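Please read them with the structure open.

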Amino acid sequence: SSGINAEYGGGERSLLLEADRADDMALDFTGYESQQLVESQDTYLQEREKNITQIYSKIEELGQMMGRLSTMISEQGETISLLDSNVTDIQMNVEAAHSELLKYFQNISSNRWLMFKVFGILILFFVIFVVFMT
């Protein structure tokens, strides 16, 4: 029985040693897998950081573009206000010119009648002069 125990005990030890070796290998394998996992997570985090940085720079660029667009819109608003003011001035000038043209036309019309009267009187004097002279 002691021979069997020694044999049994020796077998248990060898089984325990083999189990310890298997655990060590499993730990080494698990350590390799965890190192790969850490590396893949690190790569993933680096890619995410790079993408976030790119997104941030695009947002900054978009903000700058919006600022320039706002400036352009403001300048165009000022230009439109200036154009509106100029159109109003032109309208007033055209109305004043129309009024002056009407006055000039009335002046010419009244002067025309005056010229007809003077011409008529001259013809009358000419006729009287020719009749009395002959």
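1. A search of the whole structure, which is a predicted model, returns one salt bridge. The partners are the side chains of Glu-100 and Lys-103, with an N to O distance of 3.6 Å.

2. Where do these two residues lie? Glu-100 and Lys-103 are both in helix 1, separated by three residues, about one turn of the helix. Glu-100 has a relative accessible area of 47% and is therefore classed as partly exposed. Lys-103, with a relative accessible area of 48%, is likewise partly exposed.

3. The fold assignment is brief: the chain contains one helix and zero strands. Helix 1 covers residues 2-133. Of the 134 residues in the chain, 0% are buried. The chain exposes about 12600 Å², and 65% of that area is supplied by carbon and sulfur atoms.

4. A nonpolar patch on the surface deserves mention. Phe-119, Ile-123, Phe-126, Val-127, Phe-129, Val-130, Val-131 and Met-133 form this patch, and together they have about 810 Å² of accessible area. Val-127, one of the patch residues, lies in helix 1. Its relative accessibility is 41%, so Val-127 counts as partly exposed.

5. The average pLDDT for the chain is 81, and 76% of the residues score at least 70. Over residues 1-10, however, the pLDDT is below 50, and this stretch has one contact in the model beyond near neighbours in sequence. Where pLDDT is low, predicted coordinates should not be read in detail.

Terms used:
Residues are numbered from 1 along each chain as its sequence is written. This is a predicted model: local features need pLDDT of at least 70, side-chain atom pairs count only at pLDDT 80 or more; totals for chains, interfaces and linings use all residues. Side-chain values use heavy atoms; hydrogens and water are left out. Patches are made of residues with over 30% relative accessible area and no salt bridge: like charges are joined within 9 Å, nonpolar side chains (Val, Leu, Ile, Met, Phe, Trp, Tyr) within 5 Å. Accessible areas come from the Shrake-Rupley method with a 1.4 Å probe; for residues, only the protein chains shown count as cover. A salt bridge is a side-chain nitrogen of Lys or Arg within 4 Å of a carboxyl oxygen of Asp or Glu. Helices (H or I, at least four residues) and strands (E, at least two) are DSSP runs, numbered from the N terminus. Buried means under 20% relative accessible area, exposed over 50%, partly exposed in between (1.4 Å probe, protein chains only). pLDDT is the predictor's confidence in each residue, from 0 to 100. Contact means heavy atoms within 4.5 Å.
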